[in-house]
Amino acid sequence: MVRPRSGGETGGEAFTDVVGCAVAGVGTKVASIARAFSYRMWGAGNSTVILSSEKLSPPGAAWVNATLANALDIDDGHRLTKGHPGAIVFPAVWAISENKGLSGAEFLTALLIGYEIGIRTGIIAHQLRPEYHCTGPWGAVGAAAGGARASGLDSFRLVNALGIAEYFAPYSPMMRCIAVPSMVKDGIGWGSMAGVSAVGLGTRGFPVGRFGRGG
């Protein structure tokens with residue numbers, strides 16, 4: 001398996017790391033903005049927001065928790081992807097798993113699948129695209145892969161979900177937010193939300209042309 005950190009971090013350590021980063025991000029200004037926006041935009045649901053009594057819809061919860069996990073920029077990194085798999089994959093898989101009522105073992109299996117697919121996609125993306133782009137495009141694919149597993153999608157809907165995530169994911173130039181730091185950095189919140197939304201559309205058979213059998 002491709003490990004979340006090139007230094008050899010285990011799956012359990014990666015999970016603990018990203019949760020700790022999200023808890024640390026709760027006190028930031030962007031956290032309160034994200035929560036208020038998400039509740040108004042996506043509404044209440046069954047998915048937990050970290051250290052909050054509110055529960056949101058899966059896309060909304062993924063957006064908030066991903067924003068929290070990346071708020072302080074201390075979340076896990078992978079050198080070959082030049083990005084942060086945990087902050088984008090974990091919130092998506094957790095939101096869907098909780099909404100589906102999965103067991104802890106089922107959630108962890110889906111989470112590892114999300115890491116694996118996301119990281120492999122990121123490695124390929126950086127080989128094909130010479131410019132330094134954000135975590136969003138490849139991370140959304142990982143989020144969709146883990147979410148698809150949690151949702152029990154069949155192969156047709158799985159392929160559609162991955163295609164939707166890849167197409168609609170944020171593809172942003174990293175140097176802009178490095179030169180002028182801002183909270184849009186890395187496209188992580190939006191990428192996680194895009195991954196969850198892709199699973200929802202894939203579940204319903206939303207056609208994506210050559211990626212699936214729709215059109």
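The legends below describe several close-up views of a predicted model.

In this predicted model, local features need pLDDT of at least 70 and side-chain atom pairs count only at pLDDT 80 or more, whereas totals for chains, interfaces and linings use all residues. Residues are numbered from 1 along each chain as its sequence is written, and side-chain values use heavy atoms, with hydrogens and water left out.

**View 1. Helix α6, residues 136-151.** Helices (DSSP runs of H or I, at least four residues) and strands (runs of E, at least two) are numbered from the N terminus. The expected span of a helix is 1.5 Å times one less than its number of residues. For the 16 residues of α6 this should give 22 Å, which agrees with the 21 Å between its end C-alpha atoms. Of these 16 residues, 14 are buried, where buried means under 20% relative accessible area, exposed over 50% and partly exposed in between, for a 1.4 Å probe and protein chains only. Glycine 152, which follows α6, has a positive phi near 70°.

**View 2. The packing of α6 with helix α7, residues 155-168.** Two packed helices are described by the angle between their axes and the distance between the axes. Axes are lines fitted to C-alpha atoms, for helices over the stretch in contact, and angles run from 0 to 180 degrees between N-to-C directions. The angle between α6 and α7 is about 155°, and their axes are 8 Å apart. The two helices, α6 and α7, are therefore roughly antiparallel; angles under 35 degrees count as roughly parallel, over 145 as roughly antiparallel, 65 to 115 as roughly perpendicular and the rest as oblique. In contact, meaning heavy atoms within 4.5 Å, are Ala140, Val141, Ala144, Ala145 and Ala148 of α6 with Leu158, Ala161, Leu162, Ala165 and Glu166 of α7. This contact of α6 with α7 comprises nine nonpolar, no polar and one charged residues. Ala, Val, Leu, Ile, Met, Phe, Trp, Tyr, Cys and Pro count as nonpolar, Asp, Glu, Lys and Arg as charged, and the others, Gly among them, as polar.

**View 3. Helix α3 (residues 58-70) against helix α9 (residues 188-203).** These helices pack at an angle of about 150°, with 8 Å between their axes. That makes α3 roughly antiparallel to α9. The residues of α3 that meet α9 include Pro58, Trp63 and Asn70, and those of α9 include Ile188, Trp190 and Met193. By class, the contact of α3 with α9 holds nine nonpolar, five polar and no charged residues.

**View 4. Asparagine 70, a residue of helix α3.** Asparagine 70 has a relative accessible area of 5% and is buried. Beyond four places in sequence, asparagine 70 touches Asp75, His84, Ala87, Lys185 and Ile188.

**View 5. Glycine 86 in helix α4, residues 85-100.** Glycine 86 is buried, at 0% relative accessibility. Apart from residues up to four places away in sequence, glycine 86 touches Val18, Asp76, Pro91 and Tyr115.

**View 6. Leucine 51 and lysine 82, each with a positive phi.** Most residues other than glycine have a negative phi. Leucine 51, in the loop between β1 (44-48) and β2, has a phi near 55° and is exposed at 64% relative accessibility. Lysine 82, in the loop between α3 and α4, has a phi of about 55° and is partly exposed, with a relative accessible area of 44%.
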